[in-house]
Amino acid sequence: MPRNRSARPAALGVSVRRVPSTQHTSRGASALRRRLIVGGLVLLALVLISLSFRSGTDGSLSGVQSAGATALRPFAVGVERVSQPFRDAYNWVDSLFSARSDAEQLRGEVEDLRQRAIQNEFALQENAYLRRLLNYRDGPRFPRDFRAEAAEVIARPAGAFTQAVVIAVGSDHGVRVNDSVLTPDGLVGLVTRVTPGTARVQLLTDQLLAVPAVDLRTQAPGIVRHARGTRETLVLDRVRKQEVVRVGDELVTAGWKAADFSSLYPKGIPIGEVTSVGQTDTDLYQQVQVTPYVDFGGLDAVIVLVPLDRPR
Amino acid sequence: MSVGASLRASGVVFAAAVFQAALFSSIVVHGGAPDVLLIVVISLGLLRGSVAGAVFGFAGGLVVDLLTLDTLGLTSLILTLAGFWAGRYAETTARGRRLPVLLAVGVMTVLASVAGLALHYMLGEDVVARQALLTALVPTLLLNLLLALPIHALVRAIVGERPGFEPAGEVELVV
């Protein structure tokens with residue numbers, strides 16, 4: 001039934017009386033007052049929003065707001081201080097709930113950062129090593145008539161019996177079998193197998209490799225090869241007894257050339273340092289032990305010497 | 001509304017506004033924070049009528065805007081309408097319903113969030129609708145519903161209910 005309307009339902013046989021008009025008037029006035037108040041408040045809020053928005057941070061209303069905020073600040077500070085223990089308690093409980101996931105996340109981050117630190121350290125070392133390669137290539141000690149093909153070591157010997165590494169340059173880069181391989185420290189070995197993108201380098205410590213060498217100080221000749229029974233020690237073989245070789249002498253490649261033939265190794269590449277010299281009455285040659293300059297266990301990058309006159 | 005009830009209601013609203021600005025807004029659970037002031041204003045609207053709801057909503061919003069240095073009138077507008085709507089709801093259709101406060105708080109939480117988003121957007125502020133309506137709204141709604149009954153009971157105990165609260169559309173039958 002509609003509001004405040006009287007009716008007289010005949011079926012029920014009852015009389016329905018209209019609510020007294022005084023109450024109706026009172027309700028109307030109340031509704032009007034209500035609408036006026038709410039409308040006024042909404043209008044006031046809109047005016048405040050407009051003024052606040054238009055005046056910006058240095059307008060007249062901001063001063064009012066600032067004064068109001070200053071007046072209310074003690075209450076806020078009081079509530080803040082009173083509620084601080086409860087806030088701490090809440091944060092503590094909340095941290096308990098999130099502690100496990102946080103720990104997992106942090107553990108992952110630590111692992112990630114550790115990996116990055118290791119990679120950075122490797123990158124730093126590699127950077128220094130490559131810089132040395134670059135300096136060597138551009139320096140006066142680099143052999144003439146050759147260009148340097150820098151290559152990363154991508155595979156290492158699988159066992160103790162294989163003294164070789166695989167490098168990331170091949171025939172596509174002009175590398176051929178029997179090309180010399182070195183580092184700024186000294187001679188590494190010789191290319192023994194080539195594919196278009198990779199090459200296998202037989203290390204100086206391999207038993208099959210022999211390198212003509214001379215004592216840089218005395219020019220005493222000999223052949224550097226792997227010393228049996230050891231892993232990374234070399235010997236200077238075929239040094240006659242009348243030749244003078246002393247401990248501490250530096251050995252370099254001999255690099256001979258005759259007619260159309262030449263040594264596989266260019267002249268003057270450092271090999272190692274003499275660490276012991278001995279001889280017996282029965283032996284024809286001196287026994288000269290050599291420690292190579294190159295750390296064959298820590299090869300990261302090498303230089304392949306490619307003759308300048310070779311087409312790529 | 002008597003002077004005593006008005007003073008008590010003012011105290012409740014003021015305390016709720018200060019606590020809301022200083023404490024409850026920082027209690028963030030899964031992206032949402034409880035809106036205690038909204039619940040108090042709705043309670044006052046339900047208990048004391050639409051005019052009281054609107055007036056106290058306006059005042060509480062003003063206190064919050066002053067404390068937070070937000071755009072003045074923004075929270076006032078939303079809480080004015082919320083308190084008024086709650087009061088009208090109580091004056092018209094809430095009678096006889098079970099737990100009207102839960103329905104009022106639930107509806108007004110959603111509407112207040114949407115209205116707040118719209119107002120901020122209209123004022124050219126950076127608002128992220130996804131954050132406001134999806135991430136924060138659900139936890140806020142749940143927290144408000146959780147707090148609605150105890151806060152309503154507290155407000156009722158402090159302020160009391162308006163006597164002779166009559167629903168509109170009454171007819172008198174004379175046999």
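Which residues does B:Val40 touch, not counting residues up to four places away in sequence? In this predicted model, local features need pLDDT of at least 70, side-chain atom pairs count only at pLDDT 80 or more, and totals for chains, interfaces and linings use all residues. Residues are numbered from 1 along each chain as its sequence is written, with chains lettered from A and ligands numbered from 1 in the order in which they are written.

B:Val40 turns out to touch B:Val12, B:Val13, B:Ala16, B:Ile151 and B:Val155, where contact puts C-beta atoms, placed from the backbone, within 7 Å. Along with B:Ile42 and B:Ala82, B:Val40 touches the most other members of the largest nonpolar core, which has 59 residues. Such a core is a set of buried Ala, Val, Leu, Ile, Met, Phe, Trp, Tyr and Cys residues joined through C-beta atoms within 7 Å; buried calls for 20 or more other C-beta atoms within 10 Å of a residue's own. Helix 3 of chain B gives the most to this core, 12 residues; helices here are DSSP runs (H or I) of at least four residues and strands (E) of at least two, numbered from the N terminus.

Helix 3 (residues 50–68) of chain B also meets helix 1 (residues 3–22) of chain B: their axes come within 9 Å and cross at roughly 35°. Those axes are lines fitted to C-alpha atoms over the stretch in contact, with angles from 0 to 180 degrees between N-to-C directions.

Over in chain A, six strands form a closed barrel in the order 2-3-6-5-4-15, paired antiparallel; pairing takes at least two DSSP bridges. The twist averages 45° from one strand to the next.

How values were computed: A residue is buried if 20 or more other C-beta atoms lie within 10 Å of its own, exposed if 12 or fewer, and partly exposed in between; C-beta atoms are placed from the backbone. Two residues are in contact if their C-beta atoms, placed from the backbone, lie within 7 Å.
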